[in-house]
Amino acid sequence: MLDIRGVSKRFGRVHALDDVSFSVRPGEVFGFVGSNGAGKTTTMRIVLGVLSADAGDVVWQGRPVDAEVRRRIGYMPEERGLYPKMKVGDQLTYLARLHGLPAAEAGAAVQRWTELLDVGHRLGDEVQKLSLGNQQRVQLAAALVHDPEVLVLDEPFSGLDPTAVEVMSGVLRRKADAGVPVIFSSHQLELVERLCDRIGIIAGGRMVAVGSVAELRERDGSTAFDVQGPPAGWAADVPGVLSVDGTRVRLAPGTDDQQVLKAALAAGPVHEFRRWRPPLTELYRDVVKSGASA
Amino acid sequence: MSAPLSANQALLLVARREFTTQVRSRSFVIGLLVTLGLFGGIALLGGFIAGQSSNPSLGVTPETVSLQPAIEAAAATQDVALRIEPVDDGPGRERVDTGDLDALLTGSAGGYELLGRDTVDTQLQAVVGTAVQQQALAGALAESGVDAAQLAQQSQVAVDTLVPADPNRGEQLALAIIGTVLLFISLSGYGQLVATGVVEEKQSRVVELLLATIKPWQLLAGKVLGLGAVGLLQLVILGVIGTVAAAVGGLLTVPGAAAGMFAMVVLWYLIGFFLFAALYAAIGSTVSRQEELNSVVTPLIFVLMIPFILVVNLLPNDPRNELAAVLSFVPFLSQTVMPARYALGVAPLWEVGVSALIALVAVVVVVRVAGRVYENSILRTGARVGLREALGRPAAGPADPQPSTRSSA
């Protein structure tokens, strides 16, 4: 398990991270979301030791993350970076060797990953001659080529075409299924919702919510139902109803939905009575709003 | 599965990448060829000028031909290889005008004239002047009954030196200049490559990926070692080709001196390279783009040029120049001045050793400071990193070299 414990970081007078804590379990894909400047990249850089934390620590399997552990992390920085004039194959082999792979294994791993990511035919080309999408695939290969125990990917999906998104999602899922904790950040919330087992929402340098999408939906214990049929205003005086927005009725924690249904039937015919499960985009909006006002 | 990687292995991997990338690059081969061409050109030019200036020619008219024996005698004592041709006045003037003759001696006793095209060779003036004087003197002496030959013998001054004159002075000077030029080219060229490489990694952002794997000092040391080795390789190639060519061409008569100077150049290249490469890397790390690099490395190029210019201007005429002697112990200057003084035979080995030790102390200090600047600056993109931020304690900066010691505390 990868634990981020109470990490804080200041840049001059800006409090970039304030007591950030969360865990990523083996076999889990963890989605890290938040607006620009919320602290995602800073957190990932601290995990990789590219930045140092002012307080708190990062622990992998009960051990503080040091240079030796970091070598077994696969990292894709937000600022993509490869040597522009170095050949794809040479570059990936070099990075694999820096991660401690012996020469022969490094060569084989480069072959395997570039073929899997569909850039195997470009091994002899300079990186700068590749399209941006293909450069991104090479960048992902650079994060994977040493068979990492942990994957930390900053915006791995930005700028990818739909095919590449599928390939990338498949790879992340497969690595997680093999027991690797995978953290990635993204602004594509639908993708995060579909791909991630758990999600962390960061705002203003603080973690405002962590959990599965289901857990995030029930964060405050309230539930919502879409009710079609009864005349408008039927729910105004029903006990337990917090708010009504068109056909959507929000119930206070612990409210018996059957009692609400009965009240609806008493007001008129009910054609539809359906639990509303907000998508991550809506959850995110609510969480960030309440986080900001808190 | 990845295995633990020792600090040295990481460093060597980086150094090997720098070395192979550079040696395989087109610029390495071109640089080598250009340098060889430059040296070949200088040698040819030198030979051409030497060939031009020797053997001045003088025309003598029927009126002045009687001076020919005296002129020949004066030329012989002054060690000038002079070609004398009797010509008539008119054709003689034409031949001076076309450059066929360097000068024409006309007129008669009491009114001799040495005619040149736009200038008259100073050696020629001296030789002819002496001859005319001696002839006048001999005439006057004969009139007063003094034996000219006897007088000459009595008035001779023998010239001698305490230390035997070094017959190889010219060759020593050539070695000193070539060594100085080689050092200047290697130090400025490969120092610049270090700075360019640092900025390339910063500009392409690959440095973040690298620093997630290895420590900043490993990356920096690997780069400096790798590029330093390429510079050494170029130096050795040039040295060997130059020595062989000079020996084959008969220019080199003291191979021992050449070998000594070669060893000296290699020694001072190594010291100077670490000194300047560290500075180039530190300065390179404070900017984010190659375009900004030129303006910030200019001061370093000046520091490299000053001793180079001093050596070329002071030492040929005055190998024992005191200013040069003092500067040959000053770090940042010694790597150029000391080998030149050694080549000229004015610096004994113990002086070289002392100067090298002083420079090594400077290397240790500079590498530490430069390493700190590099660590503080390498991940900072955007505006140029200020001096105070760059020199601050690394732990306070964003690029802590050992974040784990802090985060695990």
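**Conventions**

I number residues from 1 along each chain as its sequence is written, and chains are lettered from A in the order in which they are written. For this predicted model, local features need pLDDT of at least 70 and side-chain atom pairs count only at pLDDT 80 or more, while totals for chains, interfaces and linings use all residues; side-chain values use heavy atoms, with hydrogens and water left out.

**Entry 1: domains**

I looked up how each chain is divided, with bounds from an automatic or database domain assignment. Chain A has domain 1 (2-216) and domain 2 (219-293). The C-alpha centres of these two domains of chain A are 39 Å apart. Chain B has domain 1, made of 7-42 + 168-407, and domain 2, made of 55-153. In chain B the C-alpha centres of the two domains lie 55 Å apart.

**Entry 2: UniProt features**

For chain A, the record places "domain: ABC transporter" at residues 2-229. I found that span to be 34% helix and 29% strand, with its end C-alpha atoms 49 Å apart. Helices (H or I, at least four residues) and strands (E, at least two) are DSSP runs, numbered from the N terminus.

For chain B, the record gives "transmembrane region" at residues 27-50, 173-193, 225-254, 261-283, 295-316 and 350-370. I checked two of these spans in the model. Residues 261-283 of chain B are 100% helix and 0% strand, and the end C-alpha atoms are 31 Å apart. Residues 295-316 of chain B are 91% helix and 0% strand, with 33 Å between the end C-alpha atoms.

**Entry 3: chain B against chain A**

I counted 35 residues of chain B and 42 residues of chain A in the contact, where contact means heavy atoms within 4.5 Å. The buried area is about 3,400 Å², and carbon and sulfur atoms give 56% of it. That area is the accessible area (1.4 Å probe) that two parts lose on being put together, summed over both.

Which residue of chain B forms a salt bridge with Arg45(A)? I found Glu208(B), with the closest N and O atoms 2.8 Å apart. The rule (a side-chain nitrogen of Lys or Arg within 4 Å of a carboxyl oxygen of Asp or Glu) finds two salt bridges across this interface. On the chain B side, the elements that give two or more residues are α1 (7-24), α7 (169-203), α8 (206-211) and α16 (403-407). The largest share of that side, six residues, comes from α1(B). By class, the residues of that side are 18 nonpolar, seven polar and ten charged. Ala, Val, Leu, Ile, Met, Phe, Trp, Tyr, Cys and Pro count as nonpolar, Asp, Glu, Lys and Arg as charged, and the others, Gly among them, as polar.

**Entry 4: domain 1 against domain 2 in chain A**

I found 15 residues of domain 1 of chain A in contact with nine residues of domain 2 of chain A. Together these domains bury about 1,100 Å², with carbon and sulfur atoms giving 73%. In domain 1, Leu189(A), Ile201(A) and Leu216(A) lose the most area to domain 2, together 43% of what that side buries. The salt bridge count between the two domains is zero.

On the domain 1 side, α7 (189-195), β9 (198-203), β10 (206-211) and α8 (213-217) of chain A each give two or more residues. The largest share of that side, four residues, is from α7(A). That side divides into nine nonpolar, two polar and four charged residues.

**Entry 5: salt bridges over all chains**

I noted 30 salt bridges over all chains. One of them joins Lys9(A) and Asp54(A), at 3.8 Å from N to O. The pair links distant parts of the chain, 45 residues apart: Lys9(A) is in strand β1 (residues 2-11), and Asp54(A) is in the loop between α1 (40-47) and β4 (55-60).

Definitions and conventions:
UniProt positions renumbered as here; feature names shortened; annotations may be inferred.
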